[in-house]
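Please keep the structure in view while reading.

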Amino acid sequence: MNSLAKVPVTVVTGFLGSGKTTLIQHLLANPNGLKLAVLVNEFGSEGVDGEILKSCADANCPEENIVELANGCICCTVADDFIPTMEKLLSRPVRPDHILIETSGLALPKPLLKAFDWPEIRSRITVDGVIALADAEAVAAGRFAPDPAAVEAQRAADENLDHETPLSEVFEDQIACADIVLLTKADLAGSAGIEAAKAAITAEMTRRVPMLPVTDGAIDARLILGLGAAAENDLAARPSHHDGEEDHEHDDFASVVIDLPEVTDLDALVASVQRLSREQNVLRVKGYIAVAGKPMRLLLQGVGERVRHQFDKPWGAGLRQSKLVVIGEHGDIDEAAIKAGLGV
């Protein structure tokens, strides 16, 4: 690569549990000849997605090219975390051909795009494209606005009122910033769900972008890498609910890390996680579980009442310790109640 050429960066955004890590796992396994680097940003103090991706490291993306930012939302920690991290990736002995940024599910992509204009990096990297992931089954069910028709009726009655939930604002900002929208979990949504999701997203878009159904993150890298969008120069076409604001906050959301003892009844734990979503409005649960009698650690991820788990690798010489990161809207995160719900 010509050392004067800008390194392309793809921003992967999407709501909690939409499948961002699964997509990047697939790209790492199928890089189409590219040497990759990955920057992972998580909401909360315990990194899970970064650990998942590091287990996929290989010659095309060595472990040192997979970097985590867990000190806060990437769009709020630009100067302290993002810029220095990008500088380190660009100074690797073998410079990556392409950098993937997995944002937190709560991140707003537009403030991140603005960071690409910082003097330290603007001549060295460019935003090749913004890929927004949307859970097709959830979008088809209208979960980002509890009653869209009622919301629109209230807004029409009083233009000074904003009845959208924080979740819908995050979702709409991510979609509005996208160059391509991937409709994930297409197998669960079915053809009717995919069409319903497309219609719902189209209604929120201010410009036309491709929408592609995806299952288990499987997509040809050539479709989403190498777009050449230079999105940092195209901000006006990417509207946000936060345009005109100096800063934005994530006080609407909170997370808590729960330590668990070794688990003897996995089915009971899954049922407890599902109950947290149903009774305490928990949005997302993810973490590693030590299962009695099993040398492998168990990766558990929950989105609403949908819970998936799999053994991913041996615990090794370190401490076998179960930890779950629980994320929800601020008023719904009660650490004592969550611990009680998990039987801790």
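Two strands are said to pair if DSSP finds at least two bridges between them. The model discussed here is predicted, and with that criterion in mind, leucine 39 is found opposite isoleucine 101 in strand 4.

**Strand 2 and its partner**

- Strand 2, which covers residues 36-41, pairs with strand 4, residues 98-102, in the parallel sense, and the pairing runs over five bridges.
- Strand 2 is mostly covered, with six of its six residues counted as buried.

**Helix 10: length and faces**

- Helix 10 comprises the 15 residues 266-280, which at 1.5 Å a residue should span 21 Å, and this agrees with the 21 Å that separates its end C-alpha atoms.
- The buried residues of helix 10 are Leu266, Leu269, Val270, Ser272, Val273, Leu276, Ser277 and Gln280.
- Viewed down the axis of helix 10, these buried residues fall within an arc of 160°, and they therefore line one face of the helix.
- Asp267 and Glu279, by contrast, are exposed on the other side of helix 10.

**Helix 10: its two ends**

- The N-terminal end of helix 10 is capped by aspartate 265, which places a side-chain oxygen 3.3 Å from the backbone nitrogen of aspartate 267.
- Just after helix 10 comes asparagine 281, whose phi is positive, at about 60°.

**Alanine 337 in helix 11**

- Alanine 337 belongs to helix 11, which is made up of residues 335-341.
- Because buried means under 20% relative accessible area and exposed means over 50%, alanine 337, with a relative accessibility of 27%, counts as partly exposed.
- Although alanine 337 and glutamine 280 are 57 residues apart along the chain, their C-alpha atoms are separated by 8.5 Å; glutamine 280 is also one of the buried residues of helix 10.

**The chain as a whole**

- The secondary structure of the chain consists of eleven helices and twelve strands, and 49% of its 344 residues count as buried.
- Among the contacts in the chain with a separation of 6 or more, 79% are accounted for by residues 24 or more positions apart.
- The chain has an accessible surface of about 15,200 Å², and carbon and sulfur atoms contribute 49% of that surface.

Terms used
Residues numbered from 1 in each chain as written. Predicted model: local features only at pLDDT ≥ 70, side-chain atom pairs only at ≥ 80, totals over all residues. Heavy atoms only, no water. Helix = DSSP H or I, 4+ residues; strand = E, 2+ residues; numbered from the N terminus. Buried < 20%, exposed > 50% of the residue type's maximum accessible area, 1.4 Å probe, protein only. Contact = heavy atoms within 4.5 Å. Areas by Shrake-Rupley, 256 points an atom, 1.4 Å probe, with all protein chains shown as cover. Expected span 1.5 Å × (residues − 1). Arc of directions from axis to C-beta. Polar contact = N/O pair within 3.5 Å; in protein donor to acceptor, adjacent residues only side chain to side chain.
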